[in-house]
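This briefing covers a few local features of one structure. Please keep the sequence and the 3D view open while reading.

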Amino acid sequence: MPAVSKGDGMRGLAVFISDIRNCKSKEAEIKRINKELANIRSKFKGDKALDGYSKKKYVCKLLFIFLLGHDIDFGHMEAVNLLSSNKYTEKQIGYLFISVLVNSNSELIRLINNAIKNDLSSRNPTFMCLALHCIANVGSREMAEAFAGEIPRILVAGDTMDSVKQSAALCLLRLYKASPDLVLMGEWTSRVVHLLNDQHMGVVTAAISLITCLSSKNPDEFKTCVSLAVSRLSRIVSSASTDLQDYTYYFVPAPWLSCKLLRLLQCYPPPEDGAVKGRLVECLETILNKAQEPPKSKKVQHSNAKNAILFEAISLIIHYDSEPNLLVRACNQLGQFLQHRETNLRYLALESMCTLASSEFSHEAVKTHIETVINALKTERDVSVRQRAADLLYAMCDRSNAKQIVAEMLSYLETADYSIREEMVLKVAILAEKYAVDYSWYVDTILNLIRIAGDYVSEEVWYRVIQIVINRDDVQGYAAKTVFEALQAPACHENMVKVGGYILGEFGNLIAGDPRSSPLVQFNLLHSKFHLCSVPTRALLLSAYIKFINLFPETKATIQEVLRSDSQIRNSDVELQQRAVEYLKLSSIASTDVLATVLEEMPPFPERESSILAKLKKKKGPGAVSVELEDGKERGELNGGGDRGGDAAIAASNASTPSPSADLLGLRSAAPVSGTAPSAGSLLVDVFSEAGPAASSAGVNDDGFLSSAPPSAASEDPAPPLPESDELLNKFVCKNNGVLFENQLLQIGIKSEYRQNLGRMYLFYGNKTSVQFVSFSTIVSCPGELQSQLNVQTKTVEPLVEGGAQVQQVINIECLTDFIDAPLLNIKFRYGGALQNISLKLPVTINKFFQPTEMAAADFFQRWKQLSQPQQEAQKIFKASHGMDTEVLKAKLLGLGTALLENVDPNPENYVCAGVIQTKAQQVGCLLRLEPNAQAQMYRLTLRSSKDTVSQRVCDLLAEQF
């Protein structure tokens, strides 16, 4: 870029900035800004034409004022005019202003596009770079449509300067990420790939970012890049630090480019060409060799760059999983990092070794580090490193070391962090089951697990141990004896009581021959725990008691006495009362044969897959390490979904899942979503067809909209709403757009608008993974009375959502009468074979149908007095949950949908609002008064309306916002 000469300094701007900095108060600053805005406006509107310098100066001032947080509603045309200047500084300020202040819907976009076209065709490299930077910064769909065909031509042209090529590659990458359907490489593909051979390293670095992104979506089109990437990597790895002097970072040649090349190669399988593969293996060996060399600098930057390349190379070796020598070497190299003083390196080493442990070539090499990993589990100060150590022990476990690893994990459980205990319990249970040669060891392990960490033993764990004991005759007697001994402890966890009640009820007869565990002793032991247990456990114990009557007739009188007691047959819990009454009658009137038939021993469970692994996968997410049980075909549920096969588990563990923080839909950054949304003026036109089947159940009208169904008919097996559903709903009470839900797999964005009693909502479902979602379906249902209060119609969505893509769904809403509950949205799809089942509450609340009403002070208080009946008023006094910022309070009250009435309340600190809720049945007037007390950090909120249910509901909704 050309240097800015001394004469280009803008003295007026410097003085203005100095004045702003010297302001003693916010009021003084606003006064100075308003004065300057008035001056700039008069200059722009004056008869005297401004020269380029003056325009630049005033546009700079406007830009500075905007950056201070003030709205700017003029000056855009002057900034556009600066684009036609031939002076670099003027053109630069024009582009800067446009990049920051002009949005994609501006009427000036056509003029801006013309100016950009002129600069792109000017062949002036400085002007071309400015234009490309502007395109990338704005990144709108309109710009993609205008320039997506032009930029690839600039990128591959032989006479384009290197700096322009760099900017063109990164600009094209930005447009591709924003509008992939508009950036079609076509004829340019091979020429873009050949940029990897460019002489200029900066061009190669920029181009490889573009190629990596394109390759991840269209691998077949760009597969020729593999050989070029290997060739370029070979040249970098084999070069000395002096060969690439301008691109050497602390004695490491081109570390960023090396990492990007290695990441690009991870998009493809190992090269089929023997020569290319041999050269790549040679490169990877060289990188591993260099890691063994003494450091050339003691600076942390040197080791960071060196290790970044090493870990990326190890990721590529793991990805290929075909070179035993390299896998073992990588494992040994990672083993050296396990005791490194740098915490991050230890963490990364443990994480990478977890993946290596699943390879047949490197599993044995990983096992050699078992003592180091166990030591890390015990001594690491960072909980995240301890968690990775536990993951690695789980991954390296096999029949040869299962008892040692399970013993160490049980030992660690006693002092483990609470945040990882549940996951540790699941892992111990899985390993104990998978590698149990002796099932008495398995029973001991699970009972020990319940003793040590009973609060974290889920139902899946103790269900599974009972299932295995019932199915294996050889362990039933031992299990009964062991659980009887465990129950004798003074402090006994409730899960132990559950297992004990079930096993002794079934197999107590196997140990009844010993006087120390006679039938009456067993019963008294169980009953001594009865009063300490929860209702579900008491119900289980009552079932064990009736089993005892069948197994041991001599205990019949004692047990009947317990069942007959008032605390049982008059129990306040209906389940316990019913069991006690029915069991008492059954034991009294049934003959011995009938009793034996009804209460016979449980038959063996059908061989089914364990749900413990599914519980672990749910906890860890789709990237969890999968361990197959017994026959290697472990299935389970994720997020309340259905079954998952062994192949699916592998697919899920290999799938690359972007960070949960990735904003796939661009809603947080206000980027345009794909698909053309109607303008505000036409959003609600013909929302409901007159012939629409308002009363039909799940019918389809002429516009292709499905009417909502009652919950019972909506889905065969809908998941219950997520625990955070109400919290997510509250976030949208005062806004209509944003991200409704997000997890590792899926992001749901929402845009909506309401007019009178009608609403239209757009839902955007974004796939955050690289694996497609299949059988994707959504159902909106109205629970209970809501079916008669709201008419909701939905359009069906595409059943297939590609990786990284999004689909849109339109929902039409009609408010028939006031309501309290929200419609339920149930989403089902399969990810890597696993059924995902998610239910949310749609953010449709009664305030969405507010029409703001302006009122004078006299009219407001007259109406306020008319709504004076107690049932017409709802009031809440509550503590402020957020800061009492005036502008935020006003924004939330306006977002509620009411009109904010100025100068109405005698106390200027108070806020009053008015609005009318529009429903098909009636209109409900509503008045609001919010009284903040800044000193006490309290609010008093009062709502009055012509309908009591509306007052209370709006009051409840709004109180959650402050």
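A residue counts as buried when its relative accessible area is under 20%, as exposed when it is over 50%, and as partly exposed in between. At 48% relative accessibility, Gln756 therefore counts as partly exposed. The model discussed here is predicted.

**Loop residues with positive phi**

- Gln756 lies in the loop that links strand E5 (746-755) to strand E6 (758-767).
- The phi angle of Gln756 is near 55°, which is a positive value in a residue other than glycine.
- Tyr250 sits in the loop between strand E1 (248-249) and strand E2 (252-253).
- Tyr250 is not a glycine either, and its phi is positive, near 50°.
- With a relative accessible area of 33%, Tyr250 is partly exposed.

**Helix H23**

- Helix H23 covers residues 418-434, which makes 17 residues.
- From its first C-alpha to its last, H23 reaches 25 Å, close to the 24 Å expected at 1.5 Å a residue.
- Because 14 of the 17 residues of H23 are buried, this helix is largely enclosed by the rest of the structure.

**H21 against H23**

- Two packed helices are described by the angle between their axes and the distance between the axes.
- The axis of helix H21 (residues 383-396) comes within 11 Å of the axis of H23, and the two cross at roughly 10°.
- Angles under 35 degrees count as roughly parallel, so H21 and H23 are roughly parallel to each other.
- On the H21 side, the contact is made by Val383, Gln387, Ala390, Asp391 and Tyr394.
- On the H23 side, Ser419, Ile420, Glu423, Met424, Lys427, Ile430 and Leu431 take part.
- The residues of this contact between H21 and H23 divide into seven nonpolar, two polar and three charged.

**H15 against H17**

- Helix H15 (residues 274-292) packs with helix H17 (residues 324-337) at an angle of about 20°, and their axes are 11 Å apart.
- H15 and H17 are therefore also roughly parallel to each other.
- The crossing of H15 and H17 is left-handed.
- H15 contributes Val281, Leu284, Glu285, Leu288, Asn289, Ala291 and Gln292 to the contact.
- H17 contributes Asn325, Leu326, Arg329, Ala330, Gln333 and Gln336.
- In the contact of H15 with H17 there are six nonpolar, five polar and two charged residues.

Conventions
Residues numbered from 1 in each chain as written. Predicted model: local features only at pLDDT ≥ 70, side-chain atom pairs only at ≥ 80, totals over all residues. Heavy atoms only, no water. Helix = DSSP H or I, 4+ residues; strand = E, 2+ residues; numbered from the N terminus. Expected span 1.5 Å × (residues − 1). Buried < 20%, exposed > 50% of the residue type's maximum accessible area, 1.4 Å probe, protein only. Axes fitted to C-alpha atoms, helices over the stretch in contact; angles between N-to-C directions. Parallel < 35°, antiparallel > 145°, perpendicular 65-115°, else oblique. Contact = heavy atoms within 4.5 Å. Nonpolar A, V, L, I, M, F, W, Y, C, P; charged D, E, K, R; others polar. Left-handed = near helix turned anticlockwise from the far one by under 90°.
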